[in-house]
Amino acid sequence: MKFQLEDVTVYFPYDHIYPEQYAYMLELKRALDAKGHCLLEMPTGTGKTIALLSLITSYVLSKPQNPVKLIYCTRTVHEMEKTLAELRLLHDYQVQQVGPRAQILAVGLSSRKNLCVNPAVLASENRDSVDAGCRKLTASWVRAMAAENPNVPTCEFFEQYEKAGSSAVLPPGVYTLQDLRAFGTKKGWCPYFLARHMVQFANVVVYSYQYLLDPKVASIISKEMQRESVVVFDEAHNIDNVCIEALSVSVRRQTIEGARRNLNKMRQEIERFKETDAGRLRAEYNRLVDGLAQRGNLPISDTWLSNPALPDDILKEAVPGNIRRAEHFIHVLRRLVQYLEGRLDTENVEKEGLVTFVSSIGSQAGIDQKTLKFCYDRLYSLMLTLEITDTDEFLHVQTICDFATLVGTYARGFSIIIEPVDERMPHIPDPVLQLSCHDASLAIKPVFERFQSVVITSGTLSPIDLYPRLLNFNPVVSRSFTMSLTRDCICPMVLTRGSDQLPVSTKFDMRSDLGVVRNYGRLLLEMVSAVPDGIVCFFVSYSYMDGIVNSWNETGILKEIMQHKLVFIETQDVVETTLALDNYRKACDCGRGAVFFSVARGKVAEGIDFDRHYGRLVIMFGVPFQYTLSKILLARLEYLRETFQIKEGDFLTFDALRQAAQCVGRVIRSKADYGMMIFADKRYSRHDKRSKLPGWILSHLRDAHLNLSTDMALHIAREFLRKMAQPYDKAGSSGRKTLLSQEDLEKMSEANMNEMLY
C-alpha cells in the first residue's frame, strides 16, 4: 500500500498497517525532520523493523535532494539476516511501484568468519584464527613475495578482486551474507573485502553494534560514513552494557604469560631483521621521528584493529623518543608486564582510580603517561614492520597495549579493580585485573556527534527517561507505544504465594527455603497439566537453576512434570543449547509438548523467539537482579550516583525489570499469537518494581491478577485459554480497528487536516 505521511509518500509492502506502526512512522519522521535523535519503545511482534525501513527508504525517495544513508545496527547475525530479508521484500515492492529510481544498494557486513569463501581459511574454528588465516594469504608483503616466488600461497579470491580493480562493484540490490558469498563465489572475488569496499557507497548498511561503538573496529570500518546518515540501534535495551564492554579490558595470568611469549618472539624477529634487513627498522625509526602516522594509506588487507581510545582522544603527535627504537619499546612492555604481574599477586580486592594507578606505574615501572598512551599505535607499527601475519597468536600483547593506551588516555569514568578470586568460586585462585568503564556515554558520544539522527528502539525501554541520562544525550522525540489488539491475547499475572499461602520469592534469604522450592515446583506441575504445547521457564542464574532442578528431581516433582511434557535445559555450552532448542521445537511440533528451562541473562533470553505453539506460557521465577556483590557493578553504581544522580536501587531495579520484560516478551511475536506471562515473586506486586515494566505489558495487567496464589493462577490460565480458542475478528470492529487499510489512512489524514483547519 502507498499513503501520504505529511509531505512523504510512504511505500509499505503489505495491504494493511497496524495503528502503532503508523504512529511510529510519524514520530520517526518528525525526528528525521528535526535532524535529531530519538528513543522509541514499540511492543514486540508489531512490525517495528518493516515500519522503520519503509519510512526511511520512502523518506529518501521523497527528498532526493538530500540523500540519507541508513546504518542499521543489530546484535546478532540472525537479526541481521532477518532485517535484510524484510528489506528485500520492501525493495521489490518499491521498484515495482516507482520504477528504477527506487533501486538501492543494501549490504550486510560481518566478520571474515561469516563472509569468507576460501575453504583453507574457513577450516579454522574461531574468529581470530580465521582473521589471521586471511592475513597470512593477503598481507601486502606476502603478496609481494608471491610475485617473486609462485610457491608462496595466496588467496585466489582476493587476487581476482584486486585484479578487477575499480570494476569490482556490486550491482544495485539487497545482499544478505548468503547472497554476498554466492556472488563472490560466482565472480571469483572475495566477498569480505568487496563488502568492506561497498559499504561506503551503499544506501543501507546492516551490521553489528561493535562496528560503530567499539573504537578498535569503528575507526577502520565506519570512518567513511557521511554525516547525513540515520543510525538505528535495534533491540537496544542493553545498549549501555555494549558501550561499557567496548572500553573495558581484563588482564589475567594467562594474558601475562601469553604477552611474555609474544615479546620473546618479537625480540627474536627484531634480532633477525637487524642481521638481514636493518634498513627496515631504520626506516620505521625515521618515520616515527617525523611523526608520520601509518594509518592513512595502508592497503586494505593490512589494516588491523585500530586504537582502542575514541577518535577525539587520540594524540595527533609524534611517538615519544623512548619507544621509537623497536628494542626499547619491547623493553618498556616487559617492564609493564612485570608491573601488572606484581599487581595480580594480591590477597585482597583492590580498587583505585586511573590517576593513582598511572602514577604508581610511573614510580615503580618508570613508564610515563604519554608512553602508555602510544603503546597501541607503536605495537601496530612494529607488527607491520616485522611483517607478522599470525595475529591470533599475538592477542595477549594486544590486550596489554589496549589496556595501556586506555589507562594513559582517560582519567574519568573508569577504575581499576583487582580481584584475587572469583567470589562465586572462592577456593580457586584466579586473579584478574580489570580496567572497568562505568560511563556508557563515552563510547556512544562520537556516534551522537557525528551523525544527524540516531534512533534507539526496542520492545523494552521502560522507564524511557532513564536512557537519556545513562547515555547523556537529548532526544528530540521520546515515545512509548502500546499495542492495539482486538482481543486480550496477553495475560500477565503476578504470583505472590503458593497454594499453601506461603510467599514465594528468590530473595537471597528465601531462595533456598524448601517451601519456596516446593511451591515453584507445584506451580510448574499445575501449569504443565493445563497449558498445551510449549512452556518456557526463566531462572535468575545458572547456579539457582541447577539447585532448584536438583531439588525437584530428588522430591519427584520433575518426574511428574515429565509425564505431561518433556524437559529441556539451557547450558553454558552453545552447541548443547542449540540442540536442546531444536528438540524442544520438535516436541512442540509433534504435540508431545515441552518445557524449556532457561536463564534470564543467558543466550536464549536475547533474540530466540518462542512464537505460536512454541511458547504459550512464560514463567519468570524471581527477579533477575545482577550479582549485587560484584565489585565492578558496585563501582559503576557509585559512579552513576555521583555523576548522573541515579540512585543505586533505581538502577538495579530498572536493570532487573528490563531483563524480565525481555524474557517474557519472547512469548508474543505477532498479534495473532497469544500467551501468558507469570511473574512468580512477591516483589513484583510492589508498585515501584511493577511500574518499571513496559507499558504494553502493564496495560494488560489487571488489578485482580496482582496477588495470586497457584490455584487462582491455574483458574485464570484455564479461562484465558478457553477464551483464546474462540474464533475472532482479525481486523477489529469499527470502534477498535487494529488493521488499517489505505482508505482508513486517507480518512485519518483528512480528519487531521480538518482539525488543523478549523
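Me: Which residue does I569 stand opposite in β18?

Reply: I569 sits opposite F597 there. Keep in mind that this is a predicted model.

Me: OK, and how many bridges join β17 to β18, and which way do they run?

Reply: Four bridges link β17 to β18, which covers residues 594-599, and the two strands run parallel.

Me: What sheet are those two strands part of?

Reply: An open sheet of seven strands with parallel pairing, in the order β17-β18-β16-β19-β20-β15-β21. β17 (566-569) and β21 (708-709) are the edge strands, each pairing on one side only.

Me: Which strands does helix α27 lie across?

Reply: α27, residues 648-664, lies across β16 (534-539), β19 (617-621) and β20 (675-680). The angle between α27 and β19 is about 155°.

Me: And what about α30, where does that one lie?

Reply: Helix α30 (residues 710-724) lies across β15 (490-497), β20 and β21. It runs at about 170° to β15.

Me: Switching topic: where is S306 found?

Reply: S306 is in the loop between α15 (278-289) and α16 (326-344).

Me: Buried or exposed?

Reply: Buried, because its relative accessibility is 5% and the cut-off for buried is under 20%.

Me: What does its side chain make a polar contact with?

Reply: The side chain of S219, at 2.6 Å from the side chain of S306.

Me: And how far apart are the C-alpha atoms of S306 and P215?

Reply: They're separated by 7.1 Å, while the two residues are 91 residues apart along the chain.

Key:
Residues numbered from 1 in each chain as written. Predicted model: local features only at pLDDT ≥ 70, side-chain atom pairs only at ≥ 80, totals over all residues. Heavy atoms only, no water. Buried < 20%, exposed > 50% of the residue type's maximum accessible area, 1.4 Å probe, protein only. Polar contact = N/O pair within 3.5 Å; in protein donor to acceptor, adjacent residues only side chain to side chain. Pairing = 2+ DSSP bridges. Contact = heavy atoms within 4.5 Å. Axes fitted to C-alpha atoms, helices over the stretch in contact; angles between N-to-C directions.
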